[in-house]
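Take a moment with the model before reading on.

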Amino acid sequence: MRILLVEDTADVAEAIVTHLNRIGHTVEWESNGAHASRRLSESYDLLILDVMLPQQDGFSLLHQLRTRGQHTPVLMLTACAEVEERVRALDLGADDYLVKPFDFRELDARIRVLLRRSGGESTNLLHCANLSIDRKSRSATLDGQPIELTRREVTLLEIIAARPGRIFNKDELMDRLFTVDDNPSANSVEQYVARLRKKLAAAAFEIRTLRGLGYQLVLHAPAEPGAGAGTVAHISPLH
């Protein structure tokens, strides 16, 4: 998912970015609290905030976010293990808290929990018709059979399969799949969608292109007696 990391210790931040990119997330990094403040109005699936930051600390950023009425999940990072600091962060609206140094396996697990919670799900498995996606292993199966997908293909499939019927425009998908450093081409999203369509030919859904609007995952209707194959259910777009 698209994550904003606000961390002023360069080696820690670079390690987190490298790790999260490797498992399929798109991560943007700010090392300065004041600079991060100007980006809070953007759409992210998760914010990871260090407490001690130059110019504006993590508590202030968290307070700013919540007073705007934004409900983006927030994971706080700190080198301080004091209970009072954890309580303060949670009272200000943090969703979770992780003390440095930490194991990346714990960071991964906490991120999965927050993303599940924000999506109203209780497990790491995402089901859509005859497709299952395991967010932990970053893998997918169709009718129980493994599908060979790249890291970014899994991410794109996870985004659209979590909201069948919702229209995702190209710019939104670009933001969630790539960073500026990836230097994606103008047709990068189309290329990934085309690859998914080939690999998901047996899926009980289709990925539609709505010209001028974006992409929409539409579930196939159950076959009825006397109905021809390929009947598609009408699903009103969700916004």
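The largest cavity has a volume of about 30 Å³. This is a predicted model, so treat each value as computed from that prediction. How many cavities of 30 Å³ or more are there? The count is 1. L40, E42, Y44, L47, L65, Q70 and T72 line the largest cavity. Sort that lining by class and you get 4 nonpolar, 2 polar and 1 charged residues.

The largest pocket has a volume of about 600 Å³. Its lining has 22 residues, and those closest to its centre are M1, D45, S118, R163 and R176. Which helices supply at least two residues each to this lining? They are α5 (104-118), α6 (151-161) and α7 (170-177). The helix that gives the most is α7, with 3 residues. By class, the lining of the largest pocket has 7 nonpolar, 5 polar and 10 charged residues.

Next, step back to the whole chain. The protein chain has 8 helices and 12 strands. It is 239 residues long, and 46% of them are buried. Think about contacts, too. Take the contacts with a separation of 6 or more: residues 24 or more positions apart account for 53% of these.

Where do nonpolar side chains gather? The largest nonpolar core has 47 residues, and L131 and L200 touch the most other members. Helix α6 gives the most to this core, with 6 residues. Apart from this core lies another, of 18 residues, including Y44, L49, L53 and M76. Y44 is also part of the lining of the largest cavity.

Go back to L200 in the 47-residue core. Leave out residues up to four places away in sequence, and L200 touches L131, L142, I147, L157 and F205. Find L157 in your view, and you are in α6.

Is α6 mostly covered or mostly open? It is mostly covered, with 10 of its 11 residues buried. Those buried residues are R152, E153, V154, T155, L156, L157, E158, I159, I160 and A161. Keep a general point in mind as you trace a helix. An α-helix has 3.6 residues a turn, so residues three or four places apart point the same way.

Finally, find the sheet made of β10, β12 and β11. These 3 strands form an open sheet in the order β10-β12-β11, with antiparallel pairing. Which strands are at the edges? They are β10 (167-168) and β11 (205-210), and each pairs on one side only. In general, strands of a sheet pair through backbone hydrogen bonds, either parallel or antiparallel. Here, β11 and β12 (residues 214-219) pair in the antiparallel sense over 6 bridges.

Zoom in on one position in that pairing. R208 stands opposite Q216 in β12. Is Q216 buried or exposed? Q216 counts as buried because its relative accessibility is 4%, and buried means under 20%. Q216 and G165 are 51 residues apart along the chain, yet their C-alpha atoms are separated by 5.7 Å.

Terms used:
Residues are numbered from 1 along each chain as its sequence is written. This is a predicted model: local features need pLDDT of at least 70, side-chain atom pairs count only at pLDDT 80 or more; totals for chains, interfaces and linings use all residues. Side-chain values use heavy atoms; hydrogens and water are left out. On a 1 Å grid over the protein atoms alone, a cavity is a set of points where a 1.4 Å probe fits but cannot get out, and a pocket is an open set with protein on both sides within 12 Å along at least five of seven lines; lining residues have an atom within 4 Å of a point. Grid points are joined across faces, edges and corners, and a volume is the space filled by probe spheres set on the points. Ala, Val, Leu, Ile, Met, Phe, Trp, Tyr, Cys and Pro count as nonpolar, Asp, Glu, Lys and Arg as charged, and the others, Gly among them, as polar. Helices (H or I, at least four residues) and strands (E, at least two) are DSSP runs, numbered from the N terminus. A nonpolar core is a set of buried Ala, Val, Leu, Ile, Met, Phe, Trp, Tyr and Cys residues joined through side-chain atoms within 4.5 Å. Buried means under 20% relative accessible area, exposed over 50%, partly exposed in between (1.4 Å probe, protein chains only). Contact means heavy atoms within 4.5 Å. Two strands pair if DSSP finds at least two bridges between them.
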